[in-house]
Amino acid sequence: MNIVMVNGQFVERNEAKVDIEDRGYQFGDGIYEVIRVYNGKMFAASEHLERLVECAGKIKLTLPFSNTDIQTMLQTLIEKNALTTGIVYLQSSRGVAVRNHAFPTTDTVASFIAYTKELPRPLHNITNGVKAALVEDERWLKCDIKSLNLLGNILAKQEAAELGCFEAILHRGETVTEGSSSNISIVKDGVVYTHQADKYILNGITRQQMLALCGVHSIAFEEKSFTVEELLNADEVFMTSTTAEVTPIIEIAGRKIGTGAPGSISIKLQQLLASEIARQCGRIYLEIDR
Ligand code: DCS
C-alpha cells in the first residue's frame, strides 16, 4: 500500500497531483522536514514540528495545519502504510499561484504534502564509518532554514559522490560549517566540538539530541566552529542526521582521521542515542554489531 497525504487528504501515490504552478515546484518556495520512524513511532516529532513552525515564521509562510493536526495526520499515514522502520517526509510550499516572485495574495493557502518511506537504520555505516570529501560551502546565508532550495547541498553531495565519498563536509574558507545533509562534529582531547547554531548551519534535531546526551552523561562539549585543519587533525569526526544517526567519518579528502576507525566517544554517543530512541519508540538494537 502506498498512501500519501496531500493537503490533508489521504490518497494513493499515483493519484497525487501537484500543480505546475505550485511555488514549491517553481521556486523551491517552501520548507520541509524528515522525521525518523522506529517501530512505527516517530522519534522527536515535536522537535521537528517546532522547527517547521520556526522555519515557516522565518519565510513568512502560514502553515495550513496546527502541529497537533500535523502529528495526528503523520501518525495516520504511518499506520495506513504499515511503516515500521523508515522516515516520514513532509513539506509545505507557499501554495499555487500565477508565477510571480513576490508572495501571492493572502487568500492563497500553503500546500502541504507528506509521505512515508521504508529505510533501515544504516548499521553498516554506523559500525564501520564513512569517507567524506571537503567542499567549499557556496550556499546562501540562511542555512538555518530547512528550505526546499537544496541546489547548493545537491551540488556538494554530488561532488562527494563522484569522489566515492558518502558525505561532503562544507567549509566557508577555513571554517567548517556542516555536511551537505548533516551536522559535523569533531572530538579533540575528549571534548566534542560542533558549529554554533547560527545562520551558517541547520540546527539539526539529531545534533541537539546528541548535545543534550553529552550534557546528561558528562561528555564535555562546546558549540564552537572549528577549522579545516582542526577537522583533519581531530581524534574523531562524526556526522549526525535524522537518517544517519551518529555516523563516524573515518577518512576525509583521502586522509585518515585518528586511528582510521570509529572512535570511542562516537561509539558512546551512538549507544546513548540508541537508548534515547528506544525510550521514545520502543526496543531497537542498542548494541551496534561490531
Ligand atoms: N544539515 C543539513 C544541511 C541537513 O540537510 C540536515 C538533515 C542536517 C543538518 C541534520 O538535521 P537533522 O538532525 O534534523 O536531521 N537533512 C535531512 C534530509 O534532507 N534528509 O535526512 C535528513
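Biologist: How much space lies in the largest cavity?

Modeller: Rolling a probe the size of a water molecule over the atoms shows where empty space is left. In this predicted model, the largest cavity holds about 80 Å³ of space.

Biologist: How many cavities of 30 Å³ or more does a search of the whole structure find?

Modeller: The search finds 2. About 40 Å³ of space lies in the second largest cavity.

Biologist: Which residues line the largest cavity?

Modeller: The lining consists of Arg36, Tyr38, Phe43, His48, Ile205, Thr206, Gln209, Ser241, Thr242, Glu245, Leu273 and Ile277. By class, 5 of these lining residues are nonpolar, 5 are polar and 2 are charged.

Biologist: Which elements each supply at least two residues of that lining, and which gives the most?

Modeller: Strand E3 (30-38), helix H6 (205-216) and helix H8 (264-281) each supply at least two. H6 gives the most, with 3 residues.

Biologist: What lines the second largest cavity?

Modeller: Its lining is made up of Asp235, Glu236, Val237, Pro248, Ile249, Ile250, Ile257, Ala261, Pro262 and Gly263. Sorted by class, the lining of the second largest cavity has 7 nonpolar residues, 1 polar residue and 2 charged residues.

Biologist: Where does the largest share of the lining of the second largest cavity come from?

Modeller: From E14, with 3 residues. Strand E13 (236-241) and strand E14 (245-252) each supply at least two residues of this lining.

Note on methods. Residues numbered from 1 in each chain as written. Predicted model: local features only at pLDDT ≥ 70, side-chain atom pairs only at ≥ 80, totals over all residues. Heavy atoms only, no water. 1 Å grid on protein atoms, 1.4 Å probe; cavity = no way out; pocket = protein on both sides within 12 Å on 5 of 7 lines; lining within 4 Å. Points joined across faces, edges and corners; volume = space filled by probe spheres on them. Helix = DSSP H or I, 4+ residues; strand = E, 2+ residues; numbered from the N terminus. Nonpolar A, V, L, I, M, F, W, Y, C, P; charged D, E, K, R; others polar.
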